[in-house]
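Please keep the 3D view open as you read.

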Amino acid sequence: MLRGFEALVEERIQKAQQKGDLDNLPGKGKPLNLEDMAVPEELRMAHRVLKNAGFLPPEIELRRQIEQTESIIASLDADDPSWTPLKKRLNFLLTKLGTSRGMNGESPIIPTHYRSALNKRIS
């Protein structure tokens, strides 16, 4: 059950659909390109050029490496000698991903209020 604002929005969308206001929107019937939505508008062209050239943004490359390492670890027994170094590599990659800057410049591991206090103290 929707409440408050969500219910109001849903009601207005349904009314617009019934009136036909949403029938002639640009891109109707075409798939959405959601991968560009995570990238700030001023960086989209650069990301598209890099992607077409076969390069991935660092965060995406890290996530790919993490998935590969997790897949390998899942296929091994815990007593396999290569399990421990792979687990260390996975921890390293997860830490690296956690401390890397996101698309919006925010560090996902350091809260905003702590970062600003830290920057003030360093300055």
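This is a predicted model: local features need pLDDT of at least 70, side-chain atom pairs count only at pLDDT 80 or more; totals for chains, interfaces and linings use all residues.

1. Leaving out residues up to four places away in sequence, Leu90 touches Ile66, Thr69, Glu70 and Ile73.

2. Now turn to α3, where Glu59, Leu62, Ile66, Thr69 and Ile73 are buried. They lie on the same side of α3, because they cover an arc of only 90° around the axis. On the face turned away from that buried side you will find the exposed residues Glu67 and Ser75.

3. The length of α3 also checks out: at 1.5 Å a residue its 18 residues should span 26 Å, and the end C-alpha atoms are 26 Å apart, which agrees.

4. The whole structure has 3 salt bridges. In helix α3, Arg64 pairs with Glu61, their closest N and O atoms being 2.2 Å apart; these two are 3 residues apart, about one turn of the helix. Arg64 is partly exposed, at 34% relative accessible area, and Glu61 is partly exposed at 23%.

5. Glu11 and Lys15 form another salt bridge, at 3.3 Å from N to O. Both sit in helix α1 (residues 4–19), and because they are 4 residues apart, about one helical turn separates them.

6. Finally, Asp21 forms a salt bridge with Lys19, with 3.7 Å between the closest N and O atoms. Lys19 is exposed, at 65%, whereas Asp21 counts as partly exposed, at 47%.

Methods:
Residues are numbered from 1 along each chain as its sequence is written. Side-chain values use heavy atoms; hydrogens and water are left out. Contact means heavy atoms within 4.5 Å. The expected span of a helix is 1.5 Å times one less than its number of residues. Buried means under 20% relative accessible area, exposed over 50%, partly exposed in between (1.4 Å probe, protein chains only). The arc is that of the directions from the helix axis to the C-beta atoms. A salt bridge is a side-chain nitrogen of Lys or Arg within 4 Å of a carboxyl oxygen of Asp or Glu.
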